[in-house]
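Subject: Structure for you to look at

Hi,

Here is the structure I promised to pass on.

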Amino acid sequence: MTIQGVPVYPGRPCPHSTRRGCDDYANRPVDPCVNFACGWIIDRSPLPDWMKPDNARVIVLFSKFLWQGAPVDLAVPVGRRIPPRSLTWLRHFAEERRRPLIHTEQVMEEGRFQEQQRWFGHGPEAFQRDLVRWQGQGRSLWS
Ligand code: SF4
């Protein structure tokens, strides 16, 4: 994501991060900061306790946008990849609830995180085709 013009990704924290919070919370950007709603902590979260991000190594954002009327959930790894146990849970949830899922993997080169992420879709074939097209168009999942 980009915060006030600065690229932010693993290994390159937001310049407003104090490691304990935000040093300009009142003026944080609307998107992604104000609109950010961690899926584990929202009211009536469907995530089980073990899916807390520091344990499951994934951050889930429910209903990031709509695709053909269906809410699309987004899952991003804490680190490089979402662990298999967490990803399996998310895929089952997507199938049961008929909610297309986008999950990402952080690109690494020579042991260093890069700005780019790979996207993967779980859902109908048409959704996956759209996902490939959006990536080709350079669409961002974040502001
Ligand atoms: S709330 Fe936004 S501006 Fe503040 S530290 Fe987090 S990402 Fe940066």
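I'll start with the pairing of Val58, whose bridge partner in β4 is Pro77. Keep in mind throughout that this is a predicted model.

That pair belongs to a run of seven bridges between β3 and β4 (residues 70-77), and the two strands run antiparallel. Another pair in the run is Leu66, with Pro71 as its bridge partner in β4. The hairpin of β3 and β4 has two residues between the strands, and Gln68 takes a positive phi near 50° there. Is Gln68 buried or exposed? It counts as exposed, because it has 10 C-beta neighbours inside 10 Å and the cut-off for exposed is 12 or fewer.

β4 itself is mostly covered, with six of its eight residues buried. On its other pairing, β4 goes with β5 in the parallel sense, over three bridges. If you want a spot to check, Leu74 stands opposite Ile102 in β5.

Put together, this gives an open sheet of four strands in the order β3-β4-β5-β6, with mixed pairing. The edges are β3 (58-67) and β6 (112-122), each of which pairs on one side only. On average, neighbouring strands of the sheet are turned by 25° against each other, direction ignored.

Two helices pack on the sheet. Helix α3 (residues 84-97) touches β3, β4, β5 (101-109) and β6, and its direction makes about 150° with that of β5. Helix α4 (residues 125-136) touches β3, β5 and β6, and its direction makes about 150° with that of β6.

While you are on β6, look at Arg118, which lies in that strand. Arg118 counts as exposed because it has 11 C-beta neighbours inside 10 Å. Leaving out residues up to four places away in sequence, Arg118 touches Thr104, Glu105 and Val107. Its C-alpha atom is separated by 6.4 Å from that of Gln106, a residue 12 places away along the chain.

Now the other end of the chain. The division is into domain 1 (1-35) and domain 2 (37-136), with 21 Å between their C-alpha centres. Four residues from domain 1 and five residues from domain 2 make the contact. On the domain 1 side, the touching residues are three nonpolar, one polar and no charged.

Which residues are around the ligand? They are Ile3, Cys14, His16, Ser17, Cys22, Arg28 and Cys33. By class, that shell has four nonpolar, two polar and one charged residues.

Two backbone details are worth a check here too. The peptide bond from Asp31 to Pro32 is cis, with omega near 15°, and Pro32 has its place in helix α1 (residues 30-34). Gln4 has a positive phi near 50° and is a residue other than glycine; you'll find it in the loop between β1 (2-3) and β2 (6-7). Gln4 counts as partly exposed because it has 13 C-beta neighbours inside 10 Å.

That's what I have so far. Over to you!

Cheers

Definitions and conventions: Residues numbered from 1 in each chain as written. Predicted model: local features only at pLDDT ≥ 70, side-chain atom pairs only at ≥ 80, totals over all residues. Pairing = 2+ DSSP bridges. Axes fitted to C-alpha atoms, helices over the stretch in contact; angles between N-to-C directions. Contact = placed C-beta atoms within 7 Å. Buried ≥ 20, exposed ≤ 12 C-beta atoms within 10 Å, placed from the backbone. Domains from an automatic or database assignment. Nonpolar A, V, L, I, M, F, W, Y, C, P; charged D, E, K, R; others polar. Near = placed C-beta within 6 Å.
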